[in-house]
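Subject: Structure handover

Hello,

Here is the structure for your files. Notes on what turned up follow below it.

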Amino acid sequence: MAHDGERASQTFHIDQIEKARVLLGRQDRHLRLLRDTFDIRVFMRGHVLTLEGDAPAVQSASKVVTDLLEQLHQKPHLSAAEVEEAISGAIQAEQSSSDIHIEVFTRGRAIRPRTPGQAAYLKAMAENDLVFCVGPAGSGKTYLAVAMAVAALKRDAVRKIILTRPAVEAGERLGFLPGDMQAKVDPYLRPLYDALHDMMPLVQLQHYVESDVLEVAPLAYMRGRNLDRAFIILDEGQNCTRKQMQMFLTRLGASSKSIVTGDISQTDLPPEVPSGMVEAMALLRDVQGIGFTALTQRDIVRHRLVQDIVDAYEARDNALLPAGPAEGPDRPG
């Protein structure tokens, strides 16, 4: 959760050491989750827990701590699910004034951002015709772009959705792969289909594919086309060469919107080939009407078991490290 503005701090006096230990969590798990979610400093000195950072983030994190301490007045333990629920409640409270949501075709389902970073991403897509979004796998950059495209189709703002990505692993030489064209490109486009399955009934999805309203194709198929009233999503944009990115960006037609997503820290291009996405973001940074969003690890909504797995591996790695200088009385933050 990134904020810019006034700095603030908040302290909590915890009267019992056991209560402090439960609040911090095993191997400081709860402390680190609070720190990483709200992008603040969190540390414990004696019986005093201190939160420091941008004022809005500290305010939200303070609500979480207050909630957890109230729970500890009633019972001696906190589960990981209860901590995550308190954090989720604080985030939802922060977003409640705008109540951002996306209406898709699946009845009774609305897509909502689950982190402030995702909310900022949706805002950028709503306000700009071209958006670059970088972020790690699982941060929602592709899923939310597909949701915006489906919503635009539902309200008749566009007449076509195009989902594409470069087939870097095959060097765009799809002919070397076995099977027909659909079989060749499915491994690269499956994540896009999976997102679509969440947002419309299968029968409707098949109808849109057959009637060419929905097109899922490798990037090479975009060459030479002009795309009007279309919502175009380029996934895995970090794997585009300079020429591929330039080709793609110049396909944008009248009343169209384009979203480029990627993880620039995980390119599959050869070392000597620069990423077209990185170059485009630098060249177009000051162009009006183009939005830029950076999602982070804090925007990944994980199963709570993942943190337990991370903790286990961190403990293993720490056990293998040589002993360092003795730590002071402060808990890390």
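Where is the place of Phe248? Phe248 sits in helix α9. Helices (H or I, at least four residues) and strands (E, at least two) are DSSP runs, numbered from the N terminus.

First, the ground rules. This is a predicted model, with residues numbered from 1 along each chain as its sequence is written. Local features need pLDDT of at least 70, side-chain atom pairs count only at pLDDT 80 or more, totals for chains, interfaces and linings use all residues, and side-chain values use heavy atoms, with hydrogens and water left out.

Overall picture

The protein has 11 helices and 11 strands. Of its 333 residues, 46% are buried. Buried means under 20% relative accessible area, exposed means over 50%, and partly exposed lies in between (1.4 Å probe, protein chains only). The accessible surface is about 17700 Å², and carbon and sulfur atoms hold 52% of that. Those areas come from the Shrake-Rupley method with a 1.4 Å probe; for residues, only the protein chains shown count as cover. A contact means heavy atoms within 4.5 Å. Take the contacts between residues at least 6 apart in sequence: 73% of them join residues at least 24 apart.

The six-strand sheet

An open sheet of 6 strands runs in the order β8-β7-β9-β10-β6-β11, with parallel pairing. Two strands pair if DSSP finds at least two bridges between them. β8 and β11 (290-294) are the edge strands, each pairing on one side only. From one strand to the next, the twist averages 15°. Axes here are lines fitted to C-alpha atoms, for helices over the stretch in contact; angles run from 0 to 180 degrees between N-to-C directions.

Look at β7. It is largely enclosed by the rest of the structure, because 6 of its 6 residues are buried. Both faces are covered: Lys160, Ile162 and Thr164 are buried on one side, and Ile161, Leu163 and Arg165 on the other. β7 runs parallel to β9, with 5 bridges between them. It also pairs with β8 in the parallel sense, over 5 bridges. Ile161 has bridge partners in both neighbours: Phe231 in β9 and Leu214 in β8.

Next, β9 (residues 230-234) joins β10 through 4 bridges, and these two strands run parallel. Ile233 has Ile259 of β10 as its bridge partner.

Helix α9 and Phe248

Helix α9 (residues 242-249) lies across β6, β7, β9 and β10. It runs at about 155° to β10. Phe248 is buried, at 3% relative accessibility. Not counting residues up to four places away in sequence, Phe248 touches Thr164, Leu219, Ile232, Leu234, Ser258 and Val260. Leu219 is 29 residues from Phe248 in sequence, and their C-alpha atoms are 7.9 Å apart in space.

Salt bridges

How many salt bridges does a search of the whole structure find? The count is 16. The rule is a side-chain nitrogen of Lys or Arg within 4 Å of a carboxyl oxygen of Asp or Glu. Side chains of opposite charge can pair when their charged atoms come close.

- Arg7 and Asp54: the closest N and O atoms are 3.4 Å apart. Arg7 is in strand β1 (residues 7-13) and Asp54 in strand β3 (residues 48-54), 47 residues apart. Arg7 is exposed at 57% relative accessible area, whereas Asp54 is buried at 12%.
- Lys257 and Asp129: the bridge is 4.0 Å, N to O. Lys257 is in strand β10 (residues 257-262), and Asp129 is in the loop between α5 (116-127) and β6 (130-134), 128 residues apart. Lys257 is buried at 14%; Asp129 is partly exposed at 46%.
- Glu215 and Lys160: the closest N and O atoms are 3.4 Å apart. Glu215 is in strand β8 (residues 214-218) and Lys160 in strand β7 (residues 160-165), 55 residues apart. Glu215 is buried at 14%, and Lys160 is buried at 12%. Shared partners join Lys160, Asp212, Glu215 and Arg225 into one salt-bridge network.

Cysteines

The disulfide count is 0, using a pair of cysteine sulfur atoms within 2.5 Å as the rule. Cys133 is buried at 0% relative accessible area. Cys240 is buried too, at 0%.

Best regards
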